[in-house]
Amino acid sequence: MGKHWPARIAGAAAGLANGLFGGGGGMVFLPILSRWGSLSQRKLYATCVGVIFPVCLMSAAVYLLRGEFSLPAALPYLAGGLAGGWIGGKLYGKVSTTWLKWLFAGFLFYAGVKYLL
């Protein structure tokens, strides 16, 4: 049981980020898992999605219970997000991991700059 504490702490950090910021837990989890885990690059990204999904559900449930979740506002994004997730999942095995790394880094850079401005 003691050997799993780093993973539990990483999961808690990802969940905390997700709950505080309304998302972004995967951005915390991905670098941690890549450093501590022994997964191939492809399994790393897929595992992050698999772990962050229930974390997002938990955050959404808390927001819903607090009355801070607007389903009507979310529905148009959800429809597009589901379609994009399906397309991304289908393309996933066809895109090189080098390209995925650069794309992810570019997204993080863009998001950071937009947030600061």
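The model is predicted, so local features need pLDDT of at least 70 and side-chain atom pairs count only at pLDDT 80 or more, while totals for chains, interfaces and linings use all residues. Residues are numbered from 1 along each chain as its sequence is written, and side-chain values use heavy atoms, with hydrogens and water left out.

**Largest pocket**

- The largest pocket holds about 770 Å³ of space; a pocket is an open set of points on a 1 Å grid over the protein atoms alone, where a 1.4 Å probe fits, with protein on both sides within 12 Å along at least five of seven lines.
- Its volume is the space filled by probe spheres set on the points, which are joined across faces, edges and corners.
- The lining has 20 residues, and Y45, V49, Y92, L100 and F104 are the closest to the centre of the largest pocket; a lining residue has an atom within 4 Å of a point.
- At least two lining residues of the largest pocket come from each of α2 (25-36), α3 (41-65), α4 (71-91) and α5 (97-116); helices are DSSP runs (H or I, at least four residues) numbered from the N terminus.
- By class, this lining has 15 nonpolar, 5 polar and no charged residues; Ala, Val, Leu, Ile, Met, Phe, Trp, Tyr, Cys and Pro count as nonpolar, Asp, Glu, Lys and Arg as charged, and the others, Gly among them, as polar.

**Second largest pocket**

- About 630 Å³ of space lies in the second largest pocket.
- Of its 18 lining residues, G22, F53, C56, L78 and G81 are the closest to the centre.
- Two or more lining residues come from α3 and from α4, and α4 gives the most, with 7 residues.
- The lining of the second largest pocket divides into 11 nonpolar, 7 polar and no charged residues.

**Nonpolar surface patch**

- L64, F69, L71, L75, L78 and L82 make a nonpolar surface patch of about 580 Å².
- A patch takes residues with over 30% relative accessible area and no salt bridge, and joins nonpolar side chains (Val, Leu, Ile, Met, Phe, Trp, Tyr) within 5 Å.
- A salt bridge is a side-chain nitrogen of Lys or Arg within 4 Å of a carboxyl oxygen of Asp or Glu.
- Helix α4 gives the most to the patch, with 4 residues.

- L78 lies in helix α4 and counts as partly exposed, at 44% relative accessibility; partly exposed is the range between buried (under 20% relative accessible area) and exposed (over 50%).
- P54 lies in helix α3 and is partly exposed at 43%.
- The C-alpha atoms of P54 and G15 are separated by 9.7 Å, with the two residues 39 apart along the chain.

How values were computed. Patch = residues over 30% accessible without salt bridge, like charges linked within 9 Å, V, L, I, M, F, W, Y side chains within 5 Å. Areas by Shrake-Rupley, 256 points an atom, 1.4 Å probe, with all protein chains shown as cover. Buried < 20%, exposed > 50% of the residue type's maximum accessible area, 1.4 Å probe, protein only.
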